[in-house]
Protein chains: 2
Amino acid sequence: MREQISLIGSGQTRFSEWWGKGIRDLMDEAVTSAIDSSPITALDIDFVIVANMLGERVNDQAHLGAIASSLLPHRPPALRTEAACASGSIAIHTALSLLESGRAENVLVIGVEKMTDVSTSEIAAALMGAADAERDAACGMTFPGLFGLVARRYMHDYGLTRAQLSLVSARHHRNAVSNPFAQFKSAIDPESVTESSLVADPLRLLDCSPVSDGAAACILSSKHASPIRFAASQVSTDSVSLTERPFLTSFPATKDAAERAYEEAGIRPTDIAHIELHDCFSIAAVINLEDLGFADPGRGITFYEEQETTPTVNASGGLKACGHPVAATGIKQILDVSKQLQVSGQRYGLAHNFGGVGATCCVHILEHTP
Amino acid sequence: MREQISLIGSGQTRFSEWWGKGIRDLMDEAVTSAIDSSPITALDIDFVIVANMLGERVNDQAHLGAIASSLLPHRPPALRTEAACASGSIAIHTALSLLESGRAENVLVIGVEKMTDVSTSEIAAALMGAADAERDAACGMTFPGLFGLVARRYMHDYGLTRAQLSLVSARHHRNAVSNPFAQFKSAIDPESVTESSLVADPLRLLDCSPVSDGAAACILSSKHASPIRFAASQVSTDSVSLTERPFLTSFPATKDAAERAYEEAGIRPTDIAHIELHDCFSIAAVINLEDLGFADPGRGITFYEEQETTPTVNASGGLKACGHPVAATGIKQILDVSKQLQVSGQRYGLAHNFGGVGATCCVHILEHTP
């Protein structure tokens, strides 16, 4: 990072089904918490970036930058970013460049999604906007279907069993029990995952992150310091359509973004104490651990076979148990890594967020200096 | 501007009804032209920013950053920005910060919209995403309705006549006759505007910019120089809902962005030789000229009563005659101002693009140094 940029405020709603709240209410709640937790006032915010994927289609509301700006008394300049499920982390990346450019000193970043107001089939169709409409959606694929293909191929290549894969969601649910912001605070055993309804073979219902409403917000500053600063922010892109991929069992955009992030931070994977990674489906968590450099190909599941791991993985509960209000996820991950570092006293944590089947990948590294 | 940032490549499709082309085809055509016109190769592009408003809803395609990145052989990092009809200029602003931050040296910016694949009622509903869904759309307003209120109030306050207002679209159509990229290259007389179908009193069909398909692309560089550099880039935000505005006959976000842009460039309005401004509806052109500092309140129409003006206004034909594929407009304006400066040999030109009823406003000032 060219500039010293700190995380000086953060807040979120619980991720849940918020039928009584609108997209503006969710943003307001997260923003108020973020400002209250920071050393600045609302008037010190000089730019607002809103991450959102589905508002135009599901909530009849685009132009969320200006809507969010109106939550503040002085209506600072604002814009919206989108990169499917990576919208939140791409907003963080955009905010960091704005701060590094010197055009702003305190940027409010908000991720919000209100998904539960429409039917399951409508939300499934809307989410397919993250895939390639001409090449993947047109043949009838859904996102569970795309990741089902990935899981089936991974099992074929590496011998991963159904029983092993079930360890992933069980662990994430166990971790979420103590997270007050998690959608599901219930422990589940691996057998429940294996026995849950079949969604897209081999993936079962409890392999899939849920449909959620929620917002997360943070304030990044080049003017004010805090114990948590950004050590790296990297984005990488791959083909959106699976039809253009030479293989399905690894996501090169994760590898590329992670390698560049380690280089930017001047560290190695072994320096990372906490990871929040993008487990939209259980198989993704296994592959991400390999792509991020923490396990050899085919060995990611070992993290879930051990009771305690270094680094910790999705100690928050991840997307599966915390919920996945799409664009809020990338920001909520930053909040969770920050909290974990402050509790453990460790130095480095990593947030990994992707859109589509690993087509846009962002890796952020946070550094804790008490 | 902290860095010297130049416009080193540009290209666009004709704005039209492109029923035989998809959103990817339109982007590809504009991107190929932009790269061909530049001193660099595709491989030199290190970031892609796509402006788009309606893809998720109208084309079933979000995640357009990654889709666009795949048009290039090395798939550089990418993201999408959105701020309703100001999506294009907000993408330029984002690209400039990315360049100023030092994170990129050559950024490809693409604006694209494919609007004609759905019915008029569906596109009208989708466009209302630029307004406030809870406060403006819920009561049945459309965008022509919102600007109809603005026009009616302006006529009441300042005595603007229907015959005077008709001069605006007539001038824009006259200007477009020689623009090969314009959707409507036909001259129309003011009487035709006055006699066209009533859409939202007092606005007639020929007061309204059309529904269009198209893409525009440009390459901004901090590494390579060109005769056209960015002298200022400013964004300002107002309430999205008209219910929160103290008056309707001026858009404070335009005034604020313009004042800050003149200050950033170190110039005055009288230094500007060419303007491309956001004439989504004829009345907007009149008000924008006042808000940008070129006419006193109530006097903007004088620009259309004179045959030749300094500065020139919408010499391209503007949104009315060039077409308005929403997110492509803000980028196409930059391309037009650049061309006009290179033809006239003048020094400064201004592009003004807004979203909603002036809720997000961007002003860019280009400097020509032959």
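Reader: Let's start with strand E3 of chain A. Which residues sit on each side of E3(A), and are they buried or exposed?

Author: On one side are A:Ala78, A:Arg80 and A:Glu82, on the other A:Leu79 and A:Thr81, and all of them are buried, so to speak of E3(A), both faces are covered. Keep in mind that this is a predicted model.

Reader: Why is E3(A) called largely enclosed?

Author: Because five of the five residues of E3(A) are buried, the rest of the structure largely encloses this strand.

Reader: OK, which strand of chain A pairs with E3(A), and does it run parallel or antiparallel?

Author: Strand E2 (residues 47–51) of chain A does, running parallel to E3(A) with four bridges between them. Within that pairing, A:Ala51 stands opposite A:Thr81.

Reader: What about the other chain? How many bridges join E3(A) to strand E3 of chain B?

Author: Three, and here the two strands run antiparallel; the partner covers residues 78–82 of chain B. A:Thr81 turns up again, standing opposite B:Thr81.

Reader: Zooming out, how many residues does each chain put into the contact?

Author: Chain A gives 51 residues and chain B gives 51 residues. On chain A's side, the elements that each supply at least two residues are helix H2 (55–58), helix H3 (64–69), strand E3 (78–82), helix H4 (87–101) and strand E8 (228–237).

Reader: Which of them gives the most?

Author: H4(A), with six residues. By type, the side of chain A that touches chain B divides into 20 nonpolar, 19 polar and twelve charged residues.

Reader: Why say they meet through the same surface?

Author: Because 100% of the interface residues of chain A are also interface residues in chain B.

Reader: Switching to helices. Why does the length of H6(A) agree with what you'd expect?

Author: H6(A) has 16 residues (143–158), which at 1.5 Å a residue should span 22 Å, and its end C-alpha atoms are 22 Å apart.

Reader: Which of its residues are buried, and what do they pack against?

Author: The buried ones are A:Phe143, A:Pro144, A:Leu146, A:Phe147, A:Gly148, A:Val150, A:Ala151 and A:Tyr154. They pack against helix H5 (120–127), strand E5 (198–200), strand E6 (203–204) and helix H10 (282–291) of chain A. Just after H6(A) comes A:Gly159, with a positive phi of about 75°.

Reader: Last one: where is A:Leu167, and what does it touch?

Author: A:Leu167 is in helix H7 (residues 162–176) of chain A. Leaving out residues up to four places away in sequence, A:Leu167 touches A:Pro190, A:Ile301, A:Tyr304 and A:Glu305.

Reader: Why does A:Leu167 count as buried?

Author: Because A:Leu167 has 20 other C-beta atoms within 10 Å, and 20 or more is the cut-off for buried.

Conventions. Residues are numbered from 1 along each chain as its sequence is written. Chains are lettered from A and ligands numbered from 1 in the order in which they are written. This is a predicted model: local features need pLDDT of at least 70, side-chain atom pairs count only at pLDDT 80 or more; totals for chains, interfaces and linings use all residues. The expected span of a helix is 1.5 Å times one less than its number of residues. A residue is buried if 20 or more other C-beta atoms lie within 10 Å of its own, exposed if 12 or fewer, and partly exposed in between; C-beta atoms are placed from the backbone. Two residues are in contact if their C-beta atoms, placed from the backbone, lie within 7 Å. Ala, Val, Leu, Ile, Met, Phe, Trp, Tyr, Cys and Pro count as nonpolar, Asp, Glu, Lys and Arg as charged, and the others, Gly among them, as polar. Two strands pair if DSSP finds at least two bridges between them.
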